[in-house]
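This briefing reviews selected local features of one protein model, grouped by topic. Please consult the sequence and the structure shown below alongside the text.

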Amino acid sequence: MFGQEGSQLRLEWGDEGVTALGGLCAVLVIVDVLSFSTAADIVVSRGAALRPVRWTDREQAARPADPSWSLRPSSLVDMPAGTLLELPSPNGATLCDLAVSTGSVVLAGCLRNARAVALAARELAQGGPIGVIPAGERWGVDINSPKTAHRGPLRPAIEDLVGAGAVMATLLGYGSASVEACVAAEVFARAPVEDIVAGCVSGRELVAAGHAGDVELASQVNVSTAVPRLVDGVLRA
């Protein structure tokens, strides 16, 4: 039941969603709008590549060649082609690494590349089920504290629901959709996307910290044709 078997289009949240749908779905799409999946889209669209690093392993991540490169999408817009960046995050990067062991094809989707990722997922699935995983956030994570290992319980994040819905909106018609998948697509269809991403808790936090440009980049819908695919632990075109 919790694998939503019987539906070609499925949606479930976070680490537990990867566990529930991984292996049952031919393709998994990880959606972390603020900000890992948006960062992945920008990196791959530049002809570069991104290695997702689990949050618990972040101290082992290689230091970026440019110290300004970070999880902030706006820091990556001038990244040279051919660069390989190792990027930890408590949500999207951790889920991508978790999904490696499921046997599913893993893609990173966001608002910017939702249509392109959905079309690629349809082709790669070859008629098999497709799962979309809104990452959400984890209570108690302090990304400014390099020593904090704690990842608390899941907090569903509205921006990830809208991002997952943007992917689902293009996938509808591929096959039968679970209730969860249909609701996400409906939310996106009715959503004032820019207002939601800027007005949700995560967006307000970034704006208050002076990162409104990152929120603006993450709010753009279907402006990218990049499809980050996880191959040998690296997201690339």
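Which residues are buried in α3? In this predicted model, the buried residues of α3 are Gly92, Ala93, Thr94, Leu95, Cys96 and Ala99. Helix α3 is thus mostly covered, with six of its eight residues buried.

- Serine 104 belongs to the loop that runs between α3 (92-99) and β5 (105-109).
- Serine 104 counts as buried because its relative accessibility is 9%, and the cut-off for buried is under 20%.
- The backbone oxygen of cysteine 25 is reached by the side chain of serine 104 at 2.6 Å.

**Proline 88 in strand β4**

- Proline 88 is part of strand β4 (residues 84-88).
- Along the chain, proline 88 and tryptophan 55 are 33 residues apart, while their C-alpha atoms are separated by 5.5 Å.
- When neighbours within four places in sequence are left aside, proline 88 is in contact with Val53, Arg54, Trp55, Arg58, Ala61, Leu71 and Ala93.
- One of these contacts, Ala93, is among the buried residues of α3.

**Packing of α5 against α6**

- Two packed helices are described by the angle between their axes and by the distance between the axes.
- For α5 and helix α6 (residues 179-190), the angle is about 100° and the axes are 7 Å apart.
- The two helices α5 and α6 are therefore roughly perpendicular to each other, as angles of 65 to 115 degrees fall in that class.
- On the α5 side, the contact involves Leu161, Val162, Gly165, Ala166, Met168 and Ala169; on the α6 side, it involves Ala181, Ala184, Ala185, Val187 and Phe188.
- By residue class, the contact of α5 with α6 comprises 10 nonpolar residues, one polar residue and no charged residue.

**Alanine 166 within α5**

- Alanine 166, found in helix α5, is buried, with a relative accessible area of 4%.
- Not counting residues up to four places away in sequence, alanine 166 touches Leu111, Ala114 and Phe188; Phe188 is one of the α6 residues in the contact between the two helices.
- Alanine 166 is 56 residues from cysteine 110 in sequence, and their C-alpha atoms are 8.0 Å apart in space.

**The two faces of α8**

- Ser202, Gly203 and Leu206 are the buried residues in helix α8 (residues 201-208). They lie on the same side of α8, because the arc that they cover around the axis is only 100°.
- Exposed residues Val201, Arg204, Glu205 and Ala208 are carried on the face of α8 turned away from its buried side.
- The cover over the buried residues of α8 includes β7 (137-138), β8 (154-155), α5 (158-171), α7 (193-199) and α9 (212-219).

**Aspartate 214 in α9**

- Aspartate 214 lies in helix α9 and counts as buried, at 2% relative accessibility.
- The side chains of aspartate 214 and serine 74 make a polar contact at 2.8 Å.
- Beyond its neighbours within four places in sequence, aspartate 214 is in contact with Arg72, Pro73 and Ser74.

**Backbone geometry in the loops**

- Leucine 34 and serine 35 are joined by a cis peptide bond, with omega about 15°. Serine 35 is located in the loop between β2 (27-31) and α2 (36-45).
- Asparagine 222 has a positive phi of about 55°, although it is not a glycine. Asparagine 222 is placed in the loop between α9 and β9 (229-231) and counts as partly exposed, at 25% relative accessibility.
- Aspartate 232, likewise not a glycine, has a positive phi of about 55°. Aspartate 232 occupies the loop between β9 and β10 (234-236) and counts as exposed, at 75% relative accessibility.

Methods:
Residues are numbered from 1 along each chain as its sequence is written. This is a predicted model: local features need pLDDT of at least 70, side-chain atom pairs count only at pLDDT 80 or more; totals for chains, interfaces and linings use all residues. Side-chain values use heavy atoms; hydrogens and water are left out. Helices (H or I, at least four residues) and strands (E, at least two) are DSSP runs, numbered from the N terminus. Buried means under 20% relative accessible area, exposed over 50%, partly exposed in between (1.4 Å probe, protein chains only). A polar contact is a pair of N or O atoms within 3.5 Å; within protein, one must be able to donate a hydrogen and the other to accept it, and residues adjacent in sequence count only if both atoms are side-chain atoms. The arc is that of the directions from the helix axis to the C-beta atoms. Contact means heavy atoms within 4.5 Å. Axes are lines fitted to C-alpha atoms, for helices over the stretch in contact, and angles run from 0 to 180 degrees between N-to-C directions. Angles under 35 degrees count as roughly parallel, over 145 as roughly antiparallel, 65 to 115 as roughly perpendicular and the rest as oblique. Ala, Val, Leu, Ile, Met, Phe, Trp, Tyr, Cys and Pro count as nonpolar, Asp, Glu, Lys and Arg as charged, and the others, Gly among them, as polar.
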